[in-house]
Structures are given as structure tokens and as C-alpha cells.
Amino acid sequence: MPEQPQTARGAATYQRILDAATEEFARYGIAGARIDRIVAAARTNKAQLYAYFGDKERLFDAIFLSSLERITDVVPINADDLADWAVRLYDEYLRRPDLIRLATWTRLERRPAGHLVETHQHYEDHKLGAITEAQKAGRVRAGDPFDIMAVVIAMSMAWSPVSNVYAASNQEPEAVHARRRTLLRDCVHNATAAANTATPPQP
């Protein structure tokens, strides 16, 4: 079994490996990533990396699952305002485009169909429950909660690194992002609102 760091120095090395591996996997994918580059960037050695993570596949697992946890924690769902949730996801993709690239590599190299991870319930059930409750309260349109969640996430990713039209950058003028946020907010609201709440909210 992989080890866990027991000292502050070990924890620092562990985090450097995670940071370096995140950048490496996001750029090159699972097959293209190289352990040599990761340990060089992390200022450690292969023995330490393998002791902590086991092998390259399990290192990617740790990175990818951590990225899912980050999105869940940093951008928690608000089913009473799915439009705001979509905008906050848009902003997170600007801050951390590597998280979306990791998901893209997972889809390309591991799971071309179905859920991205076997433990998808851990990341989805609370979101689906929140949408279901909002539907019961008449704040979200009727329909399969999973489909509604998928539509909102897809709309939030319209300008993300997986866009086949245009990938946004945090180097663009703030006015451009503000314009997109307004459009995204209105579109998500109109797509998900119950019939009696069809007027878009003010940002």
C-alpha cells in the first residue's frame, strides 16, 4: 500500500509531487506524462513518488479525484440559483483550466462513455438531491435531475478548455468575462427555471 507522509518535510514533498503531476497530466495526458519530468519538477526522486502513490496510474487517480473534490468544495451547488452556480463554475475554469484538462484526458484515455469515475455518486448525489428538492419547491423545471445538472455544467463549460469553439483565458479583459457571465446566467436561468419563474434574475 502507498505510504502517507509522516513529517512536515514529507508532506511538503507529497504536495510538490501533486502539483507537478497535476501540471504534467493536464498537459500530456496519462499516456504522455513522464515520471522523470514530475520528479524533476517536484525536486524529489522516483522512489519517493512510488512510495507515496504506487505507480503512475494511481498518481493520476489521486490527482483527478482531488480535482473533483476541489470543484465540489470551491463551487458548491446552489440549486435555488443554478444560473449563479454556472457562473461560479465558469470562474473556476478560468482559475484552474488544468482541472478541465484532466477530465478531458480521463474521457479520452479511460472512459469514452458513461460516468468519468466509478465513485460518481460521491460527487453527484448531493447535487442531484439539491436539484430534486428545488424541483419539489417549484424553483427548478421538472425533468431528470441528472439531465438538468448535466445541461448546467455543459453550459458553464461553453468557453472552457474543452470548448470546440473558443477557450477563454484569465488574460482577457474583465469586460469580456462580464459579458459572458451575463449571457450564461440568463441562458441557464431560462433553461432550468420552472414555468412561473421564467424571467431572468438580475446579476
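Trainee: Is Lys-46 buried, exposed or partly exposed?

Mentor: This is a predicted model, where local features need pLDDT of at least 70, side-chain atom pairs count only at pLDDT 80 or more, and totals for chains, interfaces and linings use all residues. Residues are numbered from 1 along each chain as its sequence is written, and side-chain values use heavy atoms, leaving out hydrogens and water. Buried means under 20% relative accessible area and exposed over 50%, with partly exposed in between (1.4 Å probe, protein chains only). Lys-46 comes out at 37% relative accessibility, so the label is partly exposed.

Trainee: Which residue does Lys-46 meet in a salt bridge?

Mentor: A salt bridge here is a side-chain nitrogen of Lys or Arg within 4 Å of a carboxyl oxygen of Asp or Glu. For Lys-46 the N to O distance is 2.8 Å, and the partner is Asp-36.

Trainee: How many residues apart in sequence are Glu-57 and Arg-110?

Mentor: Their side chains meet in a salt bridge at 2.6 Å, N to O. Glu-57 lies in helix α4 (residues 56-74), while Arg-110 is in the loop between α6 (97-109) and α7 (120-136), so the pair ties together parts separated by 53 residues. Helices are DSSP runs (H or I, at least four residues), numbered from the N terminus. Arg-110 also belongs to a salt-bridge network with Glu-57 and Asp-61, but the separation you asked for is 53 residues.

Trainee: Arg-181 forms a salt bridge with Glu-174; is Arg-181 buried or exposed?

Mentor: The closest N and O atoms of that pair are 2.6 Å apart. Glu-174 is partly exposed at 49%. Arg-181 has 17% relative accessibility, so Arg-181 counts as buried.

Methods: Helix = DSSP H or I, 4+ residues; strand = E, 2+ residues; numbered from the N terminus.
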